[in-house]
Amino acid sequence: MRRAVPLLLASVSCVPVTAREAEVADALTDMSRGDAAPAREHWREMLAFYAAREPRACLPDVGEVFEVPVGVVPSRRVAGALPHYDVFDGPIRYRIGATPGRYRVELTIAVDIEPGGRLELPDCALRARLEGDVVCEGTPYQAASGRDACPESGRFEADATAHNIRTLLEHWSEQVEAYWNRDALRYDLPVHYDFTFFAPSLGQMGPPRVDVRMPLATSCARTPYFSALRSGWSLPIVAHEMGHFLGLLDEYEALSGVFYEKTPFAGSEGSRMGLSMKTDTRLFPFHHYLVLRWHHCAAPQGDAFRDVLLGP
């Protein structure tokens, strides 16, 4: 049962922390190569914050979660929802399996879109691969000063042809997971992330199993992650939004970025889930643990390879 907790607006300090939560959080902080160490108490409170909102308890030992797998383990689907800001439930949809030496986290998203109009982009990284009228002016969104997900730092556009949309989705499939794998490598964690984005209506082939189907909007805006993917989101933003599908929550004041500058929780300034738009923020061992732990928690009726269903 969820603990009674107040609406998440500015901090998590009012959430009571159990001894077990403190023990697990501290072990994860110790693995962070000093990245999370200055905010040890914050990460204790963040773990308690998650536990207070989850329909099932799941806090396995850190050593067990990050133990190198020795064999092939069939993928398990993790599905459910978590409350965001205690206002709406957001979906969780991904799969975990293992091959010798590492776990594999997979997320496949099929997008619905028809060609036509203009495609807003966050930068001109794809200019040489795009067709038609391409505009490149100003500073890429991810390099802009400030903390706006959709800054007015430049103008980057292309015709929304089938070719250009497919090119963007291929780029995401290559580069978004790279943020996750970069950080897993930094902390020597035995996990590889594999994200796939494709548009079946445009003739793109994807994996046989689709975890999420959703629209692709041809603009940039701050909207719920499950309502639509947006072509104008930078790679760091898309990496952040995929974290929600993997069961991670935002680590910033709920109204920031709307009525005032995006403001991460004190302690989450270096976190991908705290400052989503920056290239150098990271997914700490804390975040990788939250994703992988469900592989180690008992499935319904004790079947180790059944899906893990986390509620509505």
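**Entry 1: D26**

Leaving aside neighbours within four places in sequence, which residues is D26 in contact with? I looked and found R40 and R44 as the contacts of D26. Contact here means heavy atoms within 4.5 Å. I place D26 in helix α1, residues 19-30. Helices (H or I, at least four residues) and strands (E, at least two) are DSSP runs, numbered from the N terminus. D26 counts as buried because its relative accessibility is 15%. My classes are buried under 20% relative accessible area, exposed over 50%, and partly exposed in between (1.4 Å probe, protein chains only).

**Entry 2: ground rules**

I am working on a predicted model: local features need pLDDT of at least 70, side-chain atom pairs count only at pLDDT 80 or more, and totals for chains, interfaces and linings use all residues. Residues are numbered from 1 along each chain as its sequence is written, and side-chain values use heavy atoms, with hydrogens and water left out.

**Entry 3: disulfides**

I searched the whole structure and got three disulfides. The criterion is a pair of cysteine sulfur atoms within 2.5 Å. A disulfide is a covalent bond between the sulfur atoms of two cysteines.

I took C58 and C297 to begin with. A disulfide joins C58 to C297, with S to S at 1.7 Å. This pair links distant parts of the chain, 239 residues apart. C58 sits in the loop between α2 (40-53) and α3 (62-65). C297 sits in the loop between α6 and β10 (308-309). The torsion about the S-S bond of C58 and C297 is about 85°, so I log this disulfide as right-handed. C58 is buried, at a relative accessible area of 3%. C297 also counts as buried, at 10% relative accessibility.

Next I checked C124 and C136. Their disulfide has S to S at 1.4 Å. The torsion about the S-S bond is about -95°, so the disulfide of C124 and C136 is left-handed. C124 lies in the loop between β4 (118-120) and β5 (134-138), and C136 in strand β5, so the pair ties together parts twelve residues apart in sequence. C124 is partly exposed, with a relative accessible area of 25%. C136 is partly exposed, with a relative accessible area of 25%.

Then I turned to C150 and C220. Their sulfur atoms are 1.9 Å apart, and they form a disulfide. The link of C150 and C220 is left-handed, with -85° about the S-S bond. C150 is in the loop between β5 and β6 (154-159), and C220 in the loop between β8 (212-217) and β9 (229-230), so the pair ties together parts 70 residues apart in sequence. C150 is buried at 19% relative accessible area. C220 is buried at 13%.

I also wrote down the pattern. With the bonded cysteines numbered in sequence order, the pairing is 1-6, 2-3, 4-5.

**Entry 4: core and W172**

How many residues does the largest nonpolar core have? I get 87. A nonpolar core is a set of buried Ala, Val, Leu, Ile, Met, Phe, Trp, Tyr and Cys residues joined through side-chain atoms within 4.5 Å. I109, W172, F197, L229, M242 and L246 have the most contacts inside this core. Helix α4 (residues 162-186) gives the largest share, eight residues.

Not counting residues up to four places away in sequence, W172 touches E177, F197, L216, L229, R230, S231, W233, L235 and V238.

**Entry 5: α6**

Is α6 mostly covered or mostly open? I log α6 as mostly covered, with eight of its eight residues buried. They are P285, F286, H287, H288, Y289, L290, V291 and L292.

**Entry 6: a surface patch**

I noted a nonpolar patch on the surface, formed by L255, V258, F259 and Y260. Together these residues have about 440 Å² of accessible area, by the Shrake-Rupley method with a 1.4 Å probe. L255 is in the loop between α5 (235-245) and α6 (285-292). L255 counts as partly exposed because its relative accessibility is 43%. Patch residues have over 30% relative accessible area and no salt bridge; like charges are joined within 9 Å, nonpolar side chains (Val, Leu, Ile, Met, Phe, Trp, Tyr) within 5 Å. A salt bridge is a side-chain nitrogen of Lys or Arg within 4 Å of a carboxyl oxygen of Asp or Glu.

**Entry 7: P69**

I found P69 in the loop between α3 and β1 (73-84). P69 counts as buried at 9% relative accessibility. P69 touches A98, T99, P100, G101, R102, Y103 and P190, with residues up to four places away in sequence not counted. The C-alpha atoms of P69 and E261 are separated by 43 Å, and these two residues are 192 apart along the chain.
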